[in-house]
Structure formats: C-alpha cells, structure tokens
Amino acid sequence: MKRIVFALCLLFAGYVSVSAQNISDENFSISVDAGPGITFGSSNLSAVGGAYRGEHKSGFSMNVAGNIYVKRLILGMKYNHFTASKSYGTTGSEFDDNINVRYYAPQVGYRTYLSSKTAIDLSVGAGYLRYTSELLNAGTEYGYSGHAWGKNADLAIIRKLSKHFDLGFGTSIMSAHVNTLDKKQYQKSTHTLMLNKWDRIKIKRAV
C-alpha cells in the first residue's frame, strides 16, 4: 500500500490543450506523463517461470494520450510503456533481465468540473499489450515475446495554468495475462512456450 501511495503522489502529467481559456471550454488535449510504476498482487513478469514471481516489483512508466471532449464525455487513445530491469536467481543460475511492456488502447471516460480551471477525468479502456524480455543467463542471450488483451483505468486531477497548458496529477491501473511466449536463443530458431497457470505472465500494475 505504501508503494501505491508513493506512486500516486509522484506521478506528474503535462496536458497541452487547444485554445481554451477555461478548462470547461476544452475540446481536445494531448497529455504526456511519467513516473514510477509498481506491480502488485499475483504479478509475474519473469519469463523464466513462477519461481521468480515478484522479482520485477517496480520500474518506470510513461503514458501518452490524446483525448476529445464532448461536453463531459471523454473519447481518446492511450499508449503506455513500462520498463524494468533486474538481476536475480540463485548461484549458478543468475539472470539479467530487461522487461518492456507496451500497451495501446482506446479510452472512454467522464469529466467532472470542480471549477472553471479544475477538473477530474476518469477513463477506462481495453486494448493490445506487447511483452518482451531480453535475458542473459550464463553468457547466453535469450529473447521472449508475447501479447495479450489488457484493460486499464485512469484517474487524473487537472488544473488549467494557461490557454494552452494544463498541469495534472493522477494514476493508472492496468492488468493483463500473457498465456504463451515465443522464446528465441540468439542465432537459433524460435519456438513457442505454452505457459501453465503458475508460470504465465501476469501484469497488475499501478503508476
């Protein structure tokens, strides 16, 4: 819980809006935000199995979103990139692991106005997730990749600072399950791994 609160407090977002003096007059915005990302619950980002579940407890996350506002209705698209690196394993079986998770999804939401300059945006979405892992074990490089459908919920508090610029603070929660991985030992052929219940990639993440 402390990590979730920490992430909520640190997330920073900059919103560029189009020619609106008051936030209630906005009809379009582009936002970019970045901050610490944390995994929780039964998350497993390690491609080498459930025995290493929870090794990737945190990383860095960036969101880019474009929204259209129709009165209080929000329609938009979102891209999220989460990356984490970790060294783990037992003596004689150490792993150096670089994880990247990319997520693309349409969004729908609702805007609540607190004043002429301040609003709260709540959005939900579902879309495509791409998982990759670059892993080094005993001097041999491996690549893992997989994909899944994911879902997300975003909450942001936004304050208009000028005609073209808003400042926001918020959080995003996303989840997905990857059931198969393509494994490639570099310079050798690729084969597909069918993951059981305990080894599958489970992503439950907050930023």
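E26 and R111 join their side chains in a salt bridge, with N and O 3.2 Å apart. E26 sits in the loop between β1 (12-17) and β2 (28-39) while R111 belongs to strand β5 (residues 93-113), so this pair ties together parts that lie 85 residues apart in sequence. Keep in mind that this is a predicted model. In total, the structure holds six salt bridges, and here is a friendly tour of three of them.

**E26 and R111: burial**
- E26 is buried, with a relative accessible area of 4%.
- R111 is buried too, at a relative accessible area of 0%.

- Through salt bridges that share partners, E26, R111, D121, K160 and D166 are joined into one network.

**E55 and K86**
- In the salt bridge between E55 and K86, the closest N and O atoms are 3.0 Å apart.
- Which parts of the chain does this pair link? E55 lies in the loop between β2 and β3 (58-70) and K86 in strand β4 (residues 73-90), so to speak distant parts of the chain, 31 residues apart.
- E55 is partly exposed, having a relative accessible area of 24%.
- K86 likewise counts as partly exposed, with 31% relative accessibility.

Note on methods
Residues numbered from 1 in each chain as written. Predicted model: local features only at pLDDT ≥ 70, side-chain atom pairs only at ≥ 80, totals over all residues. Heavy atoms only, no water. Salt bridge = Lys/Arg side-chain N within 4 Å of Asp/Glu carboxyl O. Helix = DSSP H or I, 4+ residues; strand = E, 2+ residues; numbered from the N terminus. Buried < 20%, exposed > 50% of the residue type's maximum accessible area, 1.4 Å probe, protein only.
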